[in-house]
Amino acid sequence: MFRYIVRRLLQMVLTFFGATFVVFALVFANQDDPLQALAGERPITESQRLALTERYHLDEGFFTQYGYYMKGLLTGDFGESLTQRKIADLLADAWPTTARLALLALVIAAVIAISAGVFSALRRGGVFDNVTLVATLIILAMPIVVIAPLAQLVFGIQLGWFPPTSGADPSLWALFLPALVLASSVLATQLRVTRTSVAENLRSDYVRTARAKGLSYRRVVSVHVLRNSLIPVITLIGVDLGQLMAGAIVTEGVFNIPGVGFNLVRAIRTEDGPLVVGFVSVLVIVFLVVNLLVDLLYAALDPRIRYE
Amino acid sequence: MLGKSPWKMAVGATAIALLAAGCGSGDSEESTATSNTVSIGIAEPQHLIPTNTTESNGAEVLASLFYPLVDFNEQNEPVEVAAESITPDKTNTTWTVKLKPGFTFHNGEPVIAQNYVDAWNYGAYGPNGQGGSYFFSSIAGYADLQSKDPDGEEGPQKAPDPKAKKLTGLKAVDDSTIEIKLAAPFASFKSVLGYTVFYPLPKAAFSADGVLAEGFEDAIIGNGPFKMKGTWQHDAQIQVEKVADFKGQVPKIDGITWKIYQEDSAQYADLVAGNLDVQTQIPIESLASASADLGDRFQKSPNSTFQFVGFPTFQKEFSDVRVRQAISMAINRQEITDQVFLGSQTPATSFVSPVVAGYRENTCGDNCKYDPAKAKELYTAAKGPAELKITYNADGPHKAWVDATCNQIKAALGVNCTGVGEPKFADLLTKVEKKEPVGLIRLGWIMDYPLMENYLGPLYSTEGSSNYYGYSNADFDRLVEEGRSAATPEEAIAKWQQAEDILAKEMPVIPLRNAQNVFGYSENVTNVSVDLFQKVNLYEIERTS
């Protein structure tokens, strides 16, 4: 187990550097004229261009720029955005908000998906099963760019149940509606996977054995079946967590949450290389750590899985 | 082992997740219900140092923190505010600014002439990279503060330090007198002084001579009716509160919360729900429902935005003036402002905005009148190109009207016209610089100070900073220059009007629309007005209850 974790951590270091290099290269290739992008449609004077070019090493070649960035990163300095804010500060402001949003969304999605999935698997072909099937199909078919403004209009403005925007440093209540919207993007798949997996396991031999031993149906389902059925669901949830953190771009915009998604959009709009790479680097770490945790959770759920 | 207690783990994980989600959720309801403050929506300003603030969000916030030398009256003429008097010498070259006594910065420092001189020198010094530095270019000695890279941007050599660090044309004669010597006579210089970059900075702003103190931008100290409450909360809000015993005009409210939004639509949602008091620009997609949502709290007022398309001079097919006239006549401006912009913009038929003194209606004449028959006739006679393109930046709200315009051109001229979206404005400029055949270029202009010259100079003169299409006419340049150096503002306007007449004949660009402020406010506030610079009038706005 320990050796396994160490090996994975070492792999993570390699993946991390590889990923940041690729992202840096992509941003560099996309970079046209970041100073003009920042200024929008206003003209830039020559001396301003000169001063900023020098400050951000914009006239240097790719490897020199990457070298500067990596040197800073390894000494704990994420650098400066083109609007002269410390990227470390931007990260510190944005990440907690997005993490809270993503976790809340994940909890909402998992609770609904697993309970509804198990229930519809137990009553296959019943009314509940069919209703959830149709409902999940509708949710799957609606992209988040539709759901988010719609939810804001209906629940935030017309009914007034939730605040229409969350703002910076929101309360749990203010985050609930955007989290629900985000949850809807992963809910349907999780629900369907839970249902299929539970339905399959209900037919397996060990369930019959357990019943034959005289265990109650409730115990068989809640302990034996559910535990075995959760393995694919956990994988999905792990992948979803990364997606929720990165994929909150639309939701964060609609509900005015200054998190990771918004900062990424801003960074890409202004061709701000170090800002993009800063946020993506942390995103890469989140993905790697979550994947490791998911793999370790397998062992917890299925004693047959051992890591050496 | 782990495997023994999966449920405990799952429960624990959920608990941690919930805790993490819950913790740190500060009380966002710092209710301002009882206090006499208003909230106004903005986007995150890029900067708050006056000389580096050229976009409207930062300028709005600064307008609450600073008290300008001059402001503009209803006729858009400059009137002294923090200045006692601003007087030129006989040649309009040396201007003497006398300050009103008794003003202090928020930290208690008295406002003296040297504060202005220091701030302006900082802004003009090239290596400081200030976005508003070009405003100081009319002051004597500006060139010596700039450096030039000797071998171009790509070359290995670094640019040398500029020759001087201070503008020779600026002098603090005594504590209340600034003497400004211009490089060339400029009769309307007083209007220029109304812009954001001409605010003063206190001694506390500088850690050394010409070096801004670290962190000053986040807790900026001004001389205005409001002061910062705490620091700039990036991407969240900027709170300002009333200064006690302010010597100038006293606002009727006790404070402002500048709420920062990423998207206009989110801002609009908050406005309709009553969580925000003022939105200065309602997004185009919400215009259709704005009257129903807000009733008479949805209003319009003029602003200075001028929308047009330019003809790149490097494309020979546009060199015949009849082609340019024909395309202009093929566009039905009224239909587009009504259908696409729902009346939030008005058709433009002149080359400057209606908000500046000297504006005349319809200087473009027949060339801007929708006349498809005549357009077709001219176009065929001039053998105009069979393919037309209008290039725009796709990150702005331009696709709808560009496509509509193209369809009108198609219908009128019987040629093929396509709208081409470039991801960003910078991409468009790059293509123009490389002289790629981009076709017509979508452009817009917001004035810096209310003078005709602020449209004519940057947009159409040979050396104009935003003359991306390369228009050049020696007579035009001469007239604009003569207007600048004319003895009085009236004579200047006469010259500039002559210059505008040249444009009407040559049609280097097609005027399309003048934009307006379309703003809305909540039931909590009244007396809301938005000026030409898209700023809320902070001295008039009041809370209702």
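Trainee: What should I know about the model before we start?
Mentor: This is a predicted model, in which local features need pLDDT of at least 70 and side-chain atom pairs count only at pLDDT 80 or more, while totals for chains, interfaces and linings use all residues. Residues are numbered from 1 along each chain as its sequence is written, chains are lettered from A in the order in which they are written, and side-chain values use heavy atoms, with hydrogens and water left out.

Trainee: How many helices and strands does chain A have?
Mentor: Chain A has 13 helices and 0 strands. Helices (H or I, at least four residues) and strands (E, at least two) are DSSP runs, numbered from the N terminus. The C-alpha atoms of chain A fill a box of roughly 85 × 55 × 30 Å along the principal axes.

Trainee: Turning to chain B, what is the order of the strands in the open sheet?
Mentor: The order of the 4 strands is β4-β5-β7-β6 in chain B, and the pairing is antiparallel. Two strands pair if DSSP finds at least two bridges between them.

Trainee: Which strands stand at the edges?
Mentor: They are β4 (83–88) and β6 (170–174) of chain B; each has a single partner strand, so one side of each is left without a neighbour in the sheet.

Trainee: How many bridges join β6(B) and β7 of chain B?
Mentor: β6(B) and β7 (residues 177–181) of chain B pair over 4 bridges in the antiparallel sense. Within β7(B), Thr177(B) is the bridge partner of Asp174(B).

Trainee: Which helix packs on this sheet?
Mentor: Helix α3 (residues 113–124) of chain B does, touching β5 (94–99), β6 and β7 of chain B. Contact means heavy atoms within 4.5 Å.

Trainee: New topic: how many residues of chain B are in contact with chain A?
Mentor: In chain B, 61 residues are in contact with 58 residues of chain A. The two chains bury about 5000 Å² between them, 55% of it on carbon and sulfur atoms. Buried area is the accessible area (1.4 Å probe) that two parts lose on being put together, summed over both.

Trainee: How many salt bridges are there between the chains?
Mentor: The count between chain B and chain A is 3 salt bridges, each a side-chain nitrogen of Lys or Arg within 4 Å of a carboxyl oxygen of Asp or Glu. One of them joins the side chains of Arg266(A) and Asp235(B), at 3.0 Å from N to O.

Trainee: Which element of chain B gives the most to the side that touches chain A?
Mentor: That is α1(B), with 9 residues.

Methods:
Axes fitted to C-alpha atoms, helices over the stretch in contact; angles between N-to-C directions.
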